[in-house]
Amino acid sequence: MTKPKTHRFDTLSLHAGAVPDPATGARATPIYQTASFVFPDSDHAAALFNMERAGHVYSRISNPTVAVLEERIAALEGGVGAIATASGQAALHLAIVTLLGAGAHIVASRSLYGGSHNLLDYTLPRFGIRTTFVDARDADAWRAAIRPETRLLFGETLGNPGLDVLDVPRVAAIAHDHGLPLLVDSTFTTPYLMRPFEHGADLVFHSATKFLSGHGVVIGGVLVDAGTFRWDEGAAKGKFPTLTEPYKGFHDMVFSEESTTAAFLLRARREGIRDFGACMAPFTAFQILQGVETLPLRMERHVANARTIARFLSTHAFVESVGYPDLPSHPDHALAQRLMPRGCGAVFSFSIKGTRAQGRKLIESLDLFSHLANVGDAKSLVIHPASTTHFRMSADDLLRSGITEGTIRLSIGLEDPEDLIEDLSRALYVAAKV
Amino acid sequence: MQLHVEGRAVYAYTGARTLSPSQPTVAFVHGAANDHSVWALQSRYFAHHGFNVVALDLPGHGRSEGPALSSVEAIAQWIVRALDAAEVASATLVGHSLGALACLAATASAPARVGKLALLGPAVPMPVSDALLDAAKADDHVAYELINGWSHSAARKLGGNRVPGMWMTGAALRLMERTPPGVLYTDLSACNAYAGGLAAAASVRCPTLAILGQRDLMAPPKSASAMCEALGDCRAVTLAGAGHAMMAEQPDAVLDALRAFV
C-alpha cells in the first residue's frame with residue numbers, strides 16, 4: 001500500500017503553517033502588524049471570546065503572523081501546537097506558571113543557562129516555587145530529589161555551559177514513573193539535531209533568538225507541547241488542577257476535558273499569555289520565520305564548522321581541554337551519538353593551559369569572533385562564562401556545572417572554517433606569550 | 001458529565017453546562033479512534049447558544065470505559081441508551097464517519113428519539129482496505145499514519161490551522177495514538193462490516209443534513225450519493241477544499257452548516 005504523502009523536515013521548515021495570503025496572494029507570510037481584529041458581528045465576537053469559533057481577537061493572545069511561526073515550530077518538533085513568547089525566558093516562565101503555583105517544586109539539571117538558573121534559584125522562590133538542582137548525569141539524584149509537591153522535571157538537551165548531554169529517555173522515564181512531565185530546553189540543538197518528543201519529553205522550549213533565527217536580530221521564544229502527557233491519569237491524577245479542574249477565569253472550563261491533547265496549551269494561552277502578557281510581536285515572528293526557512297542548511301554548516309574547529313583546538317599545544325560531545329573524549333560522547341546523530345550543535349567550551357589573564361587576552365585578540373552574550377548567530381561568537389553569563393556562581397558551583405574560571409565558550413558560525421582557525425591560532429599565540 | 005450506560009462509565013462533554021430540560025439537545029458522536037474533543041468548537045458553540053450538548057466518548061474511547069463496540073448496530077443501540085442515561089428524550093444527532101453510520105442506524109431503529117440527523121463525512125457503504133485493517137489489527141502505528149494522511153486535504157497537511165498555534169495533523173495523530181490497543185481495528189471493522197446503511201437511510205423520516213468534504217479521500221462525496229437519495233429529506237452541503245477531518249479543517253463552515261440546520 002502506498003502511504004499518503006507526508007512532508008519531510010526541510011519542506012516543513014519552509015512551508016509549515018503558512019499558506020499564500022488569501023487576501024492578496026502574497027507568497028511570503030505577511031506581517032499582520034495590528035493590535036486587534038474586526039469582528040464580523042456581535043455573535044461572532046462572542047463566539048471568538050468563548051472559544052466557540054477559531055480566530056484572532058487581540059495580538060497579545062494570538063496573531064496570524066505569530067501563529068505561522070507557532071505552527072511551524074510545532075510541526076518541526078512533532079508536537080500538537082506551540083505558543084511563541086517574548087523571549088526564551090518568557091517561554092520557560094510560561095511553562096512553569098501554567099503548571100505550578102506556590103508550594104510546588106521543580107527538579108532541574110544543574111547545568112543550565114545562567115538566566116534559567118537565576119529564575120529557578122533566586123526569583124521563583126519569592127513566589128513559593130522552589131527548585132532542587134541535580135547532576136544531569138545522575139539518575140539516582142533525579143529520583144531522590146522528587147518530592148510529593150514536585151510538579152516538573154527540567155533540563156537542557158545540551159547543558160549550558162559544560163555541554164553535558166541530557167539523557168532524555170532516562171529522565172523522561174523517571175518523570176513519568178512519578179506522574180510528572182519533563183520540560184526540555186532545546187535551544188542548542190533545535191529540532192534539526194534532536195526532537196526531544198521522540199525520546200519521551202513532554203514539553204520543549206527554545207530561545208528562538210539563537211539558531212532558529214540565526215541572524216541575531218530579535219529576541220523571542222517558543223514553547224511546544226507534545227500532547228502526550230496525561231494530566232489526569234495514573235500517578236499524575238490530582239497533581240495538575242490548573243488543567244483538570246474548573247477554571248473560574250474562563251467560565252469554569254476544564255482544559256483537559258476541552259482538549260484531550262492540548263490542555264496545556266489551552267491554559268497557557270487562555271491564562272498565561274492573557275494575564276502575564278509576554279507575547280511575541282508579529283515583526284519578530286516574521287524575522288524568526290526567515291531564519292527557520294534555512295534552519296536545515298544552516299545547522300548542517302554550523303555542525304560541520306564546529307567539528308572542524310573542535311578538532312583543531314583539541315590538538316593545540318596551548319589548549320588544556322575541549323568540551324564538545326562530538327569528540328570521543330567527552331564523557332557523553334556515546335549518548336550524544338545516540339540522541340543527536342546529526343551532530344551536537346555548534347556551541348562548545350575549551351580551556352587553555354594558562355591563567356585567567358591569558359584567557360582575557362585570548363578573547364581580546366580575536367578579530368572574527370565577536371565577544372558578546374549570545375549563541376546561535378550566523379557569525380562566530382566567544383564569551384568567558386565565569387565573568388559574564390555565570391558571574392553569580394561561585395567557583396565551586398562553576399565546577400559542578402562542568403566549567404572552570406578559565407573556560408571559554410565558542411558559538412561557531414557559518415564563516416569559512418579556515419578563517420576561524422586562523423583567527424583562533426593567532427589569538428592563542430598571543431595569549432600564550434603573556 | 002459522567003454517565004453510566006449498561007453498567008459502564010461514560011463521559012459526555014457538555015460545554016461545562018448542566019443540561020436543562022427546557023432546552024433542545026444536540027448529541028455529537030465521533031468517528032474511529034477519536035473522542036469528544038474533535039467537536040470542541042462546534043459543541044461549545046451550541047452549549048452556549050441555548051442547547052444542551054452531549055458530546056459522547058464512545059465505549060473504549062477517550063474517557064469512557066471499554067470495551068469498544070464491535071458493530072455499527074451495537075453503537076446505535078448504545079447511543080440510545082446513552083440518551084436514556086442523560087435523560088434526553090429526543091435529540092438532534094450529529095455524527096462523523098463511523099459516528100455518522102451509528103447515528104444513521106440509531107435514527108432508523110429509534111426514530112422517536114431523533115428530531116434531526118446530521119451526518120458528516122458519511123459513506124454508505126464504508127469499505128476499509130485490507131491493508132489498513134491488517135495494520136490496525138496489528139496495532140501498527142502505520143494505521144494511524146495512513147488515516148491521518150488520508151483524512152486531511154493536501155493543503156491542510158502544510159498547516160494554516162484556524163486555531164492559532166495548533167499543528168492540525170500533529171494533534172490528530174496524537175489523539176489517535178491515545179486509543180487503547182485493538183480499538184482502531186474494532187472501529188474500522190465495524191465500518192467495513194456495516195451493510196444496513198441504505199436500508200436504514202430509506203427508513204429515516206426526520207430532516208437530514210449531510211456535510212461532505214470535497215477533498216475527502218476517506219469518504220468521497222460520491223460515496224454518500226446513494227444514502228442521500230435513500231433519505232427522504234436530505235440536504236447535502238459540500239465544503240470546498242475540505243478533507244475528512246472537516247471539523248478541524250473548516251470549523252466555521254461546519255458550524256454554520258449545523259447552525260442553519262439545527
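Guide: The model is a predicted one. Helix α5 of chain B spans residues 141-151, and its buried residues are Ala143(B), Tyr144(B), Leu146(B), Ile147(B), Asn148(B) and Ser151(B). As a general point, an α-helix has 3.6 residues a turn, so residues three or four places apart point the same way. As to confidence, the mean pLDDT of chain B is 97, and 100% of its residues reach 70 or more. For the complex, the predictor gives an ipTM of 0.96 and a pTM of 0.96.

Chain B also contains an open sheet of 8 strands, with mixed pairing, in the order β1-β2-β4-β3-β5-β6-β7-β8. The edges are taken by β1 (2-5) and β8 (234-239) of chain B, each of which has a single partner strand, so one side of each has no neighbour in the sheet. From one strand to the next, the twist averages 25°.

Ala82(B) belongs to helix α2 (residues 72-85) of chain B. Ala82(B) counts as buried because 27 other C-beta atoms lie within 10 Å, against a threshold of 20 or more. Beyond its neighbours within four places in sequence, Ala82(B) is in contact with Leu3(B), Val5(B), Val10(B) and Leu56(B). Ala82(B) and His4(B) are 78 residues apart along the chain, yet their C-alpha atoms are separated by 7.8 Å.

Chain A meets chain B through 45 of its residues, which are in contact with 36 residues of chain B. On the side of chain A that touches chain B, the elements giving two or more residues are α3 (64-77), β1 (81-85) and α10 (255-258) of chain A. The largest share, 5 residues, is that of α3(A). By class, this side of chain A has 19 nonpolar, 17 polar and 9 charged residues.

Chain A has parallel strand pairs of its own. Strand β2 (residues 105-109) of chain A runs parallel to β3 (residues 130-134) of chain A, joined by 5 bridges; here Val107(A) has Thr132(A) as its bridge partner. With helix α5 (residues 114-123) of chain A, β2(A) and β3(A) make a right-handed β-α-β unit. β2(A) is also joined by 4 bridges to β4(A), again in parallel, and Ala108(A) stands opposite Phe154(A) in that strand. Strand β4 (residues 150-156) of chain A has 7 of its 7 residues buried, so it is largely enclosed by the rest of the structure. A further 4 bridges join β4(A) in parallel to strand β5 (residues 182-185) of chain A, with Glu156(A) partnered by Asp185(A).

Conventions:
Residues numbered from 1 in each chain as written. Chains lettered and ligands numbered in written order. Predicted model: local features only at pLDDT ≥ 70, side-chain atom pairs only at ≥ 80, totals over all residues. Contact = placed C-beta atoms within 7 Å. Nonpolar A, V, L, I, M, F, W, Y, C, P; charged D, E, K, R; others polar. Pairing = 2+ DSSP bridges. Right-handed = clockwise from strand over helix to strand, strands pointing away. Buried ≥ 20, exposed ≤ 12 C-beta atoms within 10 Å, placed from the backbone. pLDDT = per-residue confidence, 0-100. Axes fitted to C-alpha atoms, helices over the stretch in contact; angles between N-to-C directions.
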